[in-house]
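Hi,

Here is the structure I promised to pass on. Have a look at it first, then read my notes below.

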Amino acid sequence: MRQVMLDTETTGLDPKLGHRIIEIAGVEMINRRLTGKHYHCYLNPDRDIDAGAQQVHGISAEFLQDKPRFKDVVNEFIEYVNGAELVIHNAPFDVGFLNHELGMLQRERINHFCPSVIDTLKMAKEVHPGQKNNLDALCRRYQVDNSARTLHGALLDAELLAEVYLALTRGQETLNIEMDEVTAASASEQIVGQRELVILKATQEELEAHNSYLEALDKASQGTCVWKG
């Protein structure tokens, strides 16, 4: 199974108000193993960044002036995510922005390229109801080192999300391990069953020593030794 841990940073909270994506990052995982194949880019949104958003991610409009537009990277982005299952923390937010950007270019929605999307925020709320389930809280809960996360950053957050996702779904690994152990045990039983059993009988000296021990035990327990026939 190919999965991509995906995260975005934006100019604000609502694409309907004209807000845009300014950073996209993806981390690839195949069969629950990180491949080292990442996708990352900054984007020029051609608009101002809300002060509140800039406090969260620390990205300024000046920094983005010489960066490409979404239209310039859309093909390579689609090529990277195409066919993968997306894993996103608070998926409706990122998916909404991605669909807005794709729609502005008259392109298909993201679920056309990635039919399956996992929302780890929804998953975490089901596993830990009534608790904080933002990325920082989950990192603390699962002992994932997030000390480098002084600000939100798409690539770092995608990497942290990969570790959190593996911890959230660890039961799948446990199940596989248990099945492997059962299979190994069954194989051992079959091998043993194919061998001729060797029976070692006690010697006369060993029998006499055993009987002497039982006599002493019976005497010490005032005739209540159950092993003495």
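Start with helix α2 (residues 70-81), which lies across β1, β2, β3 and β4 (85-88) and runs at about 170° to β3. Helix α5 (residues 120-127) packs on the sheet too, touching β4 and β5, and its direction makes about 45° with that of β5. Helices (H or I, at least four residues) and strands (E, at least two) are DSSP runs, numbered from the N terminus. Contact means heavy atoms within 4.5 Å. Axes are lines fitted to C-alpha atoms, for helices over the stretch in contact, with angles from 0 to 180 degrees between N-to-C directions.

By the way, this is a predicted model: local features need pLDDT of at least 70, side-chain atom pairs count only at pLDDT 80 or more, and totals for chains, interfaces and linings use all residues. Residues are numbered from 1 along each chain as its sequence is written, and side-chain values use heavy atoms, leaving out hydrogens and water.

Now the sheet: five strands form an open one, in the order β3-β2-β1-β4-β5, with mixed pairing (two strands pair if DSSP finds at least two bridges between them). β3 (33-42) and β5 (117-119) each have a single partner strand, so one side of each is left without a neighbour in the sheet. On average, neighbouring strands are turned by 25° against each other, direction ignored. Arg2 stands opposite Ile30 in β2.

Cheers
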